[in-house]
Amino acid sequence: MKMKKIAVLTSGGDAPGMNAAIRAVVRTSLNNNIEIIGFRNGYEGLIDNDYVVFDRRLVGNIIQKGGSILHTSRSSRFVNKKYRLIAEKNLRALDVDGLVIIGGEGSTKGATALSKISKTKCVVIPATIDKDMPLVGPTIGFDTAINTALSAIDKIRDTATTSNVTHIVEVMGRNCGWLGILAGIGAGAEVTIIPEVKIDIAKLSKKIKSQLDRGKKG
């Protein structure tokens, strides 16, 4: 059966490219004569029935903008089944056939929990700068995060090589080392410490000292 109405929301931490994803969802829906609404503030908006009805003009000139025009949040209420049932009631009252969730790992867990009690079909567009989602390939925001880190490291490098001081650069990623390892490779780091691998501090110190003794700068 052809879908007549779908909804979209952004959830969790924001990631560069969320607005482009929203625009793509909205324009594709309208091109296929599907009504499209957007819930504000992630799952919180789904619970509170806070939404906007999209037309083409509302998603104009947003591709280059960071953040999310729908705003985003981490909803502690959505963990409680009582509030997921409220969300489902709102979806039914609005006759929403499909829900597009743009977010990361936590947002995906929320979508899975909702799909178990909802008649609405849920799909997730992976959006996380950490790339901490297995089996999904590239994620919205990851490439931008790497290039932002490399740009910052390039600026730090001048000071590091001038002052003869070893610099330690920390990037985001929480429990996932993708951002750290690829930024480290791109920047030519002597060593990259990632959460997935236990590090021997003594060996690390010895290696860095050895490189400095051989004349390496930074």
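Helix axes here are lines fitted to C-alpha atoms over the stretch in contact, with angles running from 0 to 180 degrees between N-to-C directions. The helices themselves are DSSP runs (H or I, at least four residues), numbered from the N terminus. Keep in mind that this is a predicted model, where local features need pLDDT of at least 70, side-chain atom pairs count only at pLDDT 80 or more, and totals for linings use all residues. Residues are numbered from 1 along each chain as its sequence is written, and side-chain values use heavy atoms, with hydrogens and water left out.

Let's start with α5 and α6. Their axes come within 9 Å and cross at roughly 45 degrees. The crossing of α5 past α6 is right-handed (the near helix is turned clockwise from the far one by less than a right angle). On the α5 side, the contact (heavy atoms within 4.5 Å) includes F142, I146 and R157, and α6 brings in W178 and L182, among others. By class, 11 nonpolar, one polar and one charged residues make up this contact (Ala, Val, Leu, Ile, Met, Phe, Trp, Tyr, Cys and Pro are nonpolar, Asp, Glu, Lys and Arg charged, the others, Gly among them, polar).

Now for the pockets. A pocket is an open set of points on a 1 Å grid where a 1.4 Å probe fits, with protein on both sides within 12 Å along at least five of seven lines; lining residues have an atom within 4 Å of a point.

G12, G13, R74, G106 and S107 are the closest to its centre among 28 lining residues.

How values were computed:
Helices (H or I, at least four residues) and strands (E, at least two) are DSSP runs, numbered from the N terminus.
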